[in-house]
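Okay, everyone, thanks for coming.

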Amino acid sequence: MKNEYLICGKKLVTVSQLGSINDGAMVVKDGKIADIGSWGKLREKYAGIKVVDYSDYVITPGLVDCHTHLLEFAPTSLHPITKETHFLAAKSILLHALSSGITALGEQICGHPLCDFSIDDYRETTTDIPLDISFAATSISIGFEKLSHYTSVTKSTGVDQKDLSNFFLVKQMAQHSDYPGENIFINATPANFKVNDVPRAGEIIYTKKELEKIVEIYHQSGKQIGAHVAGEDAIQMTLDAGIDVLHHAHKITEEQMDIVKEQKVKIVATPMGGTHLEPNSPENILRLHQKNIPVSIATDSYLPPYPDISWLPFNDQELKGPDALMIVSQPPMQLLKEHGYDENDILALLTANPADILGKGHQFGRLTKGMDANFLITGGVPGLDITDIGGIKTVYFKGKKVIDRTKG
Ligand SMILES: [Zn+2]
């Protein structure tokens, strides 16, 4: 069979009930995982099938970064481009994400003063790329001296604060959102600007009434809603309003974690930064995990790392991208390991949990029968054993090898 092969590894970290399988193997057929188990058994069962031998390496699910700004904010921040070359830059950024072991993204389209593209423009340019991209249509409030607000519907034209809860605009964003990304910014954001340029970052933008109205519009449209939020007061408003996913949740309290658990809210931690407050510490992520709250780690890239954070290994303010996912995940992942958690549980923070946030947990994020064959050939468990993208030897997307560092 042309589209069928048996691939074996020293260890398969499945992030599923199967746990880690030493001397494991998978059958890949037509882009899906058709079978998985021990090499000895599968070799007998599938005698004669083409074998791809990675028995010196570990095989894991592809990484999922469920909170990024790679298509709208990053191109103009990283490259001296015009609207003619915007998508060329975007595609090179996506290639870099893929080469970092990321096979699925949750992208925010917020509206941006320099980009007049619609969310459909972003979707269209990325359809042929071997990366699974889910989009969140959002509004954004940036903490400049004079607060500025944009929406993905009104694109590069700024709007007033009161427009952020306009029924017509919110309804359109709910309809265009694939998943609960940071659909609204409860606090004004520093975005990817330097601290001094955004003195009003952190200000709470919404009243309780406005928030409740927005949540209702999403839920009536059959959509979940996520929010950019940080700080105890803002987090409390967000929980009271019934928001489904908290992005960042920097400085969430112990009591609020219990409410999160009770309301079955999910959390996307961004240890690199992303709000006006100190980002999620390794201890914060451990506490969430200990309380059985599904937590994902995302980069929110491109971002300058939050200054003077002891657990981040950066000593500059350069914008960091999706290649930093393993780097910022290592301190919390190692802390979880020290607390006795299994490597499958731990790797879930970069694979299965964010796949669930995207609503695609049945499609990828774990190595089990029927899933898309999105997987990595690596020198160790990404984030836990390796942080250098050079340790990601090969990336497969839907059964096809799309990145290969094993040559030459
Ligand atoms: Zn963000």
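Predicted model: local features only at pLDDT ≥ 70, side-chain atom pairs only at ≥ 80, totals over all residues.

Residues are numbered from 1 along each chain as its sequence is written, and side-chain values use heavy atoms, with hydrogens and water left out.

So, the helix pair α7 and α8. α7 passes α8 in a left-handed crossing. Helices here are DSSP runs of H or I with at least four residues, strands are runs of E with at least two, and both are numbered from the N terminus. The axes of α7 (residues 232–240) and α8 (residues 254–262) come within 11 Å and cross at roughly 20°. An axis is a line fitted to C-alpha atoms, for helices over the stretch in contact, and angles run from 0 to 180 degrees between N-to-C directions. Under 35 degrees counts as roughly parallel, over 145 as roughly antiparallel, 65 to 115 as roughly perpendicular, and the rest as oblique. That is why α7 and α8 are called roughly parallel to each other.

Who is touching whom? On the α7 side we have E232, I235, Q236 and L239, and they meet Q256, I259 and V260 in α8. Contact means heavy atoms within 4.5 Å. By class, the contact of α7 with α8 has four nonpolar, two polar and one charged residues. For those classes, Ala, Val, Leu, Ile, Met, Phe, Trp, Tyr, Cys and Pro are nonpolar, Asp, Glu, Lys and Arg are charged, and the others, Gly among them, are polar.

Now the other pair, α3 (residues 86–99) and α4 (residues 119–126). Their axes come within 11 Å as well, and they cross at roughly 55°. That makes α3 oblique to α4. α3 passes α4 in a right-handed crossing. H86, F87, K91 and L94 of α3 make the contact with D121, Y122, T125 and T126 of α4. Sorted by class, that contact of α3 with α4 has three nonpolar, three polar and two charged residues.

On to some single residues. Leaving out residues up to four places away in sequence, N284 touches I252 and M257.

A249 lies in strand β12 (residues 245–250) and is buried, with a relative accessible area of 1%. Its phi is near 50°, a positive value in a residue other than glycine.

Then there's Q161, in the loop between β9 (148–151) and α5 (167–176). Q161 is partly exposed, at 27% relative accessibility. Skipping residues up to four places away in sequence, Q161 touches H149, I205, Y206 and E210.

Last stop: a cis peptide bond joins S301 and Y302, with omega about 0°. Y302 sits in the loop between β14 (295–297) and α10 (325–338).

Terms used: Left-handed = near helix turned anticlockwise from the far one by under 90°. Buried < 20%, exposed > 50% of the residue type's maximum accessible area, 1.4 Å probe, protein only.
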